[in-house]
Amino acid sequence: QVQLAESGGGLVQAGGSLRLSCAASGRGFSINAMGWYRQAPGNERELVADITSGGVTNYATSVKGRFTISRDNAKNTAYLQMNSLKPEDSAVYYCKADIKPVGRRRQDYWGQGTQVTVSS
């Protein structure tokens, strides 16, 4: 059973920074792309950033230049460094990973989400 666990959310003032982590755990799997999504109340879940296993990154226009996604393949962990946070960045942030468990087909796994609240 593969699981994703996020951490690092919290309350921060506008202009501040937070770093989110997403760690995959379990036995016998390989990870392809990893990504961060967010969902604010009343809104659809949206892509924030993603990164391939080779390190190619992609960002939503709204976070370019402020957020940085990275990963440590040896630790099966992805990170999202969020700088210059704005109140509109407030949302529940979810990690998603494209994972191939041994003996099973490749599929997307989601974390439980972590709340980020930016006060003005």
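Select E46 to begin: with 36% relative accessibility, E46 is partly exposed (buried is under 20% relative accessible area, exposed over 50%, partly exposed in between, with a 1.4 Å probe and protein chains only). The model is predicted, so to speak of local features requires pLDDT of at least 70 and side-chain atom pairs count only at pLDDT 80 or more, while totals for chains, interfaces and linings use all residues. Residues are numbered from 1 along each chain as its sequence is written, and side-chain values use heavy atoms, with hydrogens and water left out.

E46 and R38 form a salt bridge, with their closest N and O atoms 2.7 Å apart (a salt bridge is a side-chain nitrogen of Lys or Arg within 4 Å of a carboxyl oxygen of Asp or Glu). R38 is buried, at 7% relative accessibility.

Move to D98 and R106, whose salt bridge spans 2.6 Å, N to O. D98 is buried at 13%; R106 is exposed at 52%. Shared partners join R38, E46, R66 and D89 into one salt-bridge network.

Finally, select W36, L80, M82, Y93 and I99, the residues with the most contacts inside the largest nonpolar core, which has 32 residues (buried Ala, Val, Leu, Ile, Met, Phe, Trp, Tyr and Cys joined through side-chain atoms within 4.5 Å). Strand β9 gives the most to this core, five residues.

Note on methods:
Helices (H or I, at least four residues) and strands (E, at least two) are DSSP runs, numbered from the N terminus.
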